[in-house]
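Good morning, everyone, and thank you for making time for this. Please have a look at what is on the screen before I start talking.

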Amino acid sequence: MKEFDAFRLDPVNRCLWRGDERVTLGPKAFDVLRYLVQHADRLVTHQEILEAVWPDTHVNPEVVKKYVLEIRKVLGDRSNRPTFIETFPRRGYQFVAPVREASTDTSSIEAARVVTMVGRDASHARLERCLDLSLKSQRQIIFVTGEPGVGKTTLVDAFLRRAAARASLRIARGQCVEGFGGKESYYPILEALGQLLRGTERNPVVPALVRYAPTWLVQFPSLVKADAREALHRETIGTTRERMVREICEALERIAVDDPVVLVLEDLHWVDVSTLDVVSALARRRAPAKIVLLCTYRPADVVVAENPLKVLKQDLLLHDLCVEIPLERLRESDVADYLSTEFPGADLPSGLAGLIHRHSGGNALFMTAIVRDMVDKGVVAEDGGRWTLTRRLANVAPEVPASLREMLDAQFTRLTTSEQGILSHASVAGDRFSVWAVTSEPDLTSDEIENVCERLGEREQFLRSAGFHELSNGTVSAHYEFRHALYREAVYRRLSDVARSRVHRLVGGRLKALCSPGRQELAAEIALHFEKGLAYDDAITSLVLAAENAAARFAYRDSIQVLRHALTLVPHAAVEHRAELEAQLFERIGGAQYWLGEMVECARAYEAEAACGARSGLPSVRVNALSFLIPFGLIDPDRGIAAAEEAVALSAGLGDPRLHARTELLAAGSRLLYDTWRGDDWQTCESARRTLEALSPAGVPDYHRMIYAHLQMLQGHYEEALTSLEAGIPTANEPTSLMVHMFALSGTTVALLHSGRFGELLRIIRAGRAMAEKNGNDPWIFAFREAWLRCVVLDFDGARRLCETVTDTATTALARQPQARQPRTIARLARGYAELERGHYDEASRYFDEILDPAVTPKFFLHWYWRMSAQLGLSNVWLAAGSLGRARSDADRFLASALSTAEPNLHALGWDVQARVSMAEKDWRGAEANIERGLAVLERFHIPTVAWRVHATRSELYRREKNHDAAEAQRAQAERVVLTLAGSLESDEPLRRSFLSADPVRRIVRPRPPGRSARERR
Ligand SMILES: Nc1ncnc2c1ncn2[C@@H]1O[C@H](COP(=O)(O)OP(=O)(O)O)[C@@H](O)[C@H]1O
Ligand SMILES: [Mg+2]
């Protein structure tokens, strides 16, 4: 630690101390000062400072000037005869005061204590004990509770000062803000984290976030190098709050490995629920950690029985996971102590303490306010170096206002008109405010407002300085805060309703002007002002931005809550905007619900949007909403299709050919995916695609392109489909649509499966499942695809087990969701084949029948594909059972439906089973004709997962015809395909072994000399 004059630079907490007082200095100003002090022996150029303090950003050199001004102000330096910083015009600065290495002796700090604290010895001692335990790696969760003004913050401050002197700590504070709860997720945590992140050199917080908390790292984009952003973006898509919470805990635990971390969260009665999740997790985790989480709140503000903070604290107390330190009001003896500390050696009557105690009721804030008021009014005055009471004690009482509020009112009325005006506006701006945000009537410049605030601060009236901060537009502005929230309230309450809302509107407008597009970090605050300012249209717009902020923090539930709140404001918005605002809100709610996997709620939101479009005569709104109802396909395909068809009909009359083509593609596409395959519908999609490509260079929108790619895939065009699907994998520079991303993953995995690229498929599946588990969301799409793959490689038991873990766990959200129909169907198919292998034909046929029965298996995504597979299963059962009649009729039915599609795998399988039934019927000629048609399909399409079966059947037929050479050639062909499929899997992949050892495969693969793998042979 460096010392100069009465100051100490504390690099750990990045703050400046004057004696024992923490001097408020903005973070950048601190960095500038530290740099100057570190190089006190020489002149430091502007450029050097810019490079040291803003290494990665371009900053206007004027800013350095601003900060040096701020530092000078704080140090009390004069520019004409500087004692600290000397300016060399156009060259730079030099720190000229003598600099010493600070001693570790803290006794001077104790002595120089500025804020007097009385009557808190026991509470303070408890805090110290907690700190001791935390130094032994026992995490400490502490709630300091009490009424406003009782002295919570004062106690915490005193403790921190003492603790910082005792051990090398990392201290970070986060303040909850009234009205932000639920609108600004994790607000205080982010604020505190921001403090921990300050400091450029060897700060372990940044690497800890990189390593353990990428979801939090993305909240600080300036820390992420441009080339790493895309990877980070992908890695955090669809994160849930469980992951966010876990990561911040892990990161804090890492950061606290050497120096303990003290995290202070102030005024938790205004907290958001996401932050409470972090508090709860930090308290419940078991790992040893040098963490102190110190929270303050007012119990009276959380009395409602089900208040989550109250519930949380009670639960933690019950399990001995936290400590509560309730602060009582001060006693009369404490007041006496206070008086003798404030007025040392004074000659005050003994009854004064009792009088002040009686009036203040022991409330510390009221007590100090009464004392200050007495000094202001000269009731207590210094006379010849001694403080005395200037009138008789009996005459003092009538002058003391009965309540703090009255006292503050009286103080307020003694201020000048301009002071009153500025304070009133400031009280609207908030507990802590930027001079820039404060408006005034009549109009004063920011400098004039700042002077007034500064004067009030110096006189310790209502305000105190809160340093300088850089605003998002790059300007630096002085901040002030009310001495206590009750001071702000007292001023705010004096305003009339009309005046209040007018000023809120003005402040909202000022803040909004600060936010350049794309910088919306103030959205929640702005929304609050506009709402209180009765400017509802603006409030709704800002709430939408606040909801986006929440979503960017993966707090989708919070995002929905904000949007729902915005919905309640819609009836107050301007009539002509209402419908559009409402529609927009529902659409965003729908999107957030989709992210959460709440398909029913998602569809409900889009339906509400559609209803709003219809009600208000906005057909394009309705068309848009209906187009989003594709998720309905997951719940009730017929309703999804009906919605898409209505969109087509509506858009036909709107004179917007692009919109119309889009809806046509969507409607025909959903019929193909969710109902059945029809050639006409494919033609419609194809011509819609051509129209879209002709109408605009952007061509087919991503969402529609994903659907189109699925249709390409269903016709065996895997390479083309994979190329289209790549567009749906998000990169960092575009907003991510989960729906597009989901569709892209869905299509890619199926295309890889059908083209026999099992290894690649498994890699995507495993990475996807790992990522989903890390993010805390449901890996259903990957589980489905793996189950499908297992069926294809004949691991029916594995497929069934996998599906059952997905559908039968009551805890998975999926089990309740309609998309569970797909794994249930795959499970039935797998069971059917497993029973078939065991020769249990009746059981096997029952499973296949269930798939075919719409009462047991309602429609779902590509249900027709699975029903046809069940049909095939049935004919295989009867063939094996020797019931040729049934085998024949099921095979015929299967072929007919297969040929009604454009799916080459189904075609080939259709001919293959025909050939096998014909062989069983000893109809050699028929068998020959059928299998040749199957082989013809293989000429046109690369469908390896089915090809080997066709070759095997052909080989079998040749064998029966005693054409042994041709039989062997076909067997070898089948074997090559099988080995290529197996070879696409890693050599140690268990699926590879199980595939090669499955009966139908063993029949065509020749045993090899031991010691050489299939891959080596090729
Ligand atoms: N123990 C104390 N001794 C003396 N003054 C105190 C004490 N506690 C609080 N105060 C005074 O009361 C004011 C309000 O206290 P504060 O800690 O901000 O209350 P809270 O955080 O509980 O609302 C402080 O600014 C300080 O001047
Ligand atoms: Mg407080």
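I will go through the surroundings of the ligand, then one histidine, and then one arginine.

Before anything else, please keep in mind that this is a predicted model, so every distance I mention was computed from predicted atoms.

Let us begin with ligand 1, which is surrounded by 18 residues, the closest being Gly149, Lys152, Thr153, Thr154 and His484. Which helix gives the most to the shell? That is α16, with four residues.

As for the ligand's own surface, ligand 1 by itself has 550 Å² of accessible area, and the protein covers 90% of that.

My second stop is histidine 269, which sits in the loop that runs between strand β11 (261–266) and helix α12 (273–284). Is this histidine buried or exposed? Its relative accessibility is 11%, and because buried means under 20%, histidine 269 counts as buried. Leaving aside residues up to four places away in sequence, histidine 269 touches Tyr297, Arg298, Asp301, Val302 and Leu309. One of these, arginine 298, has its backbone nitrogen 3.0 Å from a polar atom of the histidine 269 side chain.

My last stop is arginine 1002, which belongs to helix α49, made up of residues 999–1002. Once residues up to four places away in sequence are set aside, arginine 1002 touches Leu996 and Ser997. With serine 997 there is also a polar pair, in which the serine's backbone oxygen lies 3.1 Å from a polar atom of the arginine 1002 side chain. Finally, if we compare positions along the chain with positions in space, arginine 1002 and glutamate 975 are 27 residues apart in sequence, while their C-alpha atoms are 9.4 Å apart.

Conventions. Residues are numbered from 1 along each chain as its sequence is written. Chains are lettered from A and ligands numbered from 1 in the order in which they are written. This is a predicted model: local features need pLDDT of at least 70, side-chain atom pairs count only at pLDDT 80 or more; totals for chains, interfaces and linings use all residues. Side-chain values use heavy atoms; hydrogens and water are left out. A residue is near a molecule or strand if one of its heavy atoms lies within 4 Å of it. Accessible areas come from the Shrake-Rupley method with a 1.4 Å probe; for residues, only the protein chains shown count as cover. Helices (H or I, at least four residues) and strands (E, at least two) are DSSP runs, numbered from the N terminus. Buried means under 20% relative accessible area, exposed over 50%, partly exposed in between (1.4 Å probe, protein chains only). A polar contact is a pair of N or O atoms within 3.5 Å; within protein, one must be able to donate a hydrogen and the other to accept it, and residues adjacent in sequence count only if both atoms are side-chain atoms. Contact means heavy atoms within 4.5 Å.
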